[in-house]
Structures are given as C-alpha cells and as structure tokens.
Amino acid sequence: MTDRRLPFFVYGTLLPGERNHRLLAGRTRAWTPAVLPGALLYRGPGYPFAVADPAGTGQVHGEVVEIPAAQYDAVRADLDRLETYTPGDPANRYERVALAVRTERGQAEAWVYLAGPVTTRELLPAADRIPGGDWRRRDGLTGGGTGV
C-alpha cells in the first residue's frame, strides 16, 4: 500500500547541504539520524542509490524525516517525481518501499526509495560501493554516520 503516511528515510541528495534538499527545506517537522540495515549504498552518476544487501549485513546511514500532515501529500508527490516513482510502473528508477530503520529511539518504519530493477540493471555493474554506507562521507568528508 503506497498511500500510508510514513516518515521518509533519506540517504543522499535530499540530506541537508545536498542539491535536492530544497524539496524538503521548510517542509519538515523533525529530522532524526537513522540507519537502514540490510542495504548497500552505491555511487551513481552524481547521486547515490541503495539496494538490498543479499548477505543482509550492510547498512545505509541517513535521516528519518517527518512531514507535517498539511504538507504530506505535496511532499510525497515531489519526492516520487524526483525519484521517478509511480506505483506499479515497471519502469520506475526507484521503488518506494516501507522498511524498518533504526534510530536512537528504537526501530521505526519509514518510506525508503530503493533502486528499482531498471536502475539496478543499468548502474550496478559499473557502480562504486560507498564504504560504510554513508553518502556524506563518500569523499572522506567528516560528519554523518551516526552508528545508531
């Protein structure tokens, strides 16, 4: 079911200081550091993409973003558009899926945009894995990686 009003787990260009953060700036209620277990993060052409880890041991660092009810539908539509996600479309670049993430307050369920079959097929063979699963540390920068 894709119309549930879950928070969003963001791990790349939607994070503060990144180029697509403008889609969330001033439209959120709270940001909480979080980790998505069982996933791997890769560098795409200027943006990251996450995929399920077959071994189940990887993790991706990011933030859980809570959206106020009055803005939720508009924000979800903007994020779906950015990620080229349409429910049920086999050509989706990303799939929006409800997954469990870990925060310092415990486990939470959030929407996560994982690479869809098209993105995985086109990008994964030549993609570089981001060690530690933290987009903010992709070039040895400090910050990020909460370890929760």
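This is a predicted model: local features need pLDDT of at least 70, side-chain atom pairs count only at pLDDT 80 or more; totals for chains, interfaces and linings use all residues.
Let's begin with strand β1 (residues 8-10), which is joined to strand β5 (residues 59-66) by three bridges, the two strands running antiparallel.

## The whole barrel

These two strands belong to a closed barrel of five strands, in the order β1-β5-β2-β6-β7, with mixed pairing. On average, neighbouring strands of this sheet are turned by 50 degrees against each other, direction ignored.

## The β6-β7 hairpin

Next come β6 and β7, an antiparallel pair joined by 10 bridges. A hairpin through two residues links β6 to β7. For an example of the pairing, take V97, which has V112 as its bridge partner in β7.

## A helix across the strands

Now turn to helix α1 (residues 69-82), which lies across β1, β6 (94-103) and β7 (106-115). Relative to β7, helix α1 runs at about 40 degrees.

## A closer look at T119

Our last stop is helix α2 (residues 117-123), where T119 is found. T119 has a relative accessible area of 0%, so this residue is buried. Setting aside neighbours within four places in sequence, T119 is in contact with F49, R93, Y94 and L124.

Technical notes: Residues are numbered from 1 along each chain as its sequence is written. Side-chain values use heavy atoms; hydrogens and water are left out. Helices (H or I, at least four residues) and strands (E, at least two) are DSSP runs, numbered from the N terminus. Buried means under 20% relative accessible area, exposed over 50%, partly exposed in between (1.4 Å probe, protein chains only). Contact means heavy atoms within 4.5 Å. Two strands pair if DSSP finds at least two bridges between them. Axes are lines fitted to C-alpha atoms, for helices over the stretch in contact, and angles run from 0 to 180 degrees between N-to-C directions.
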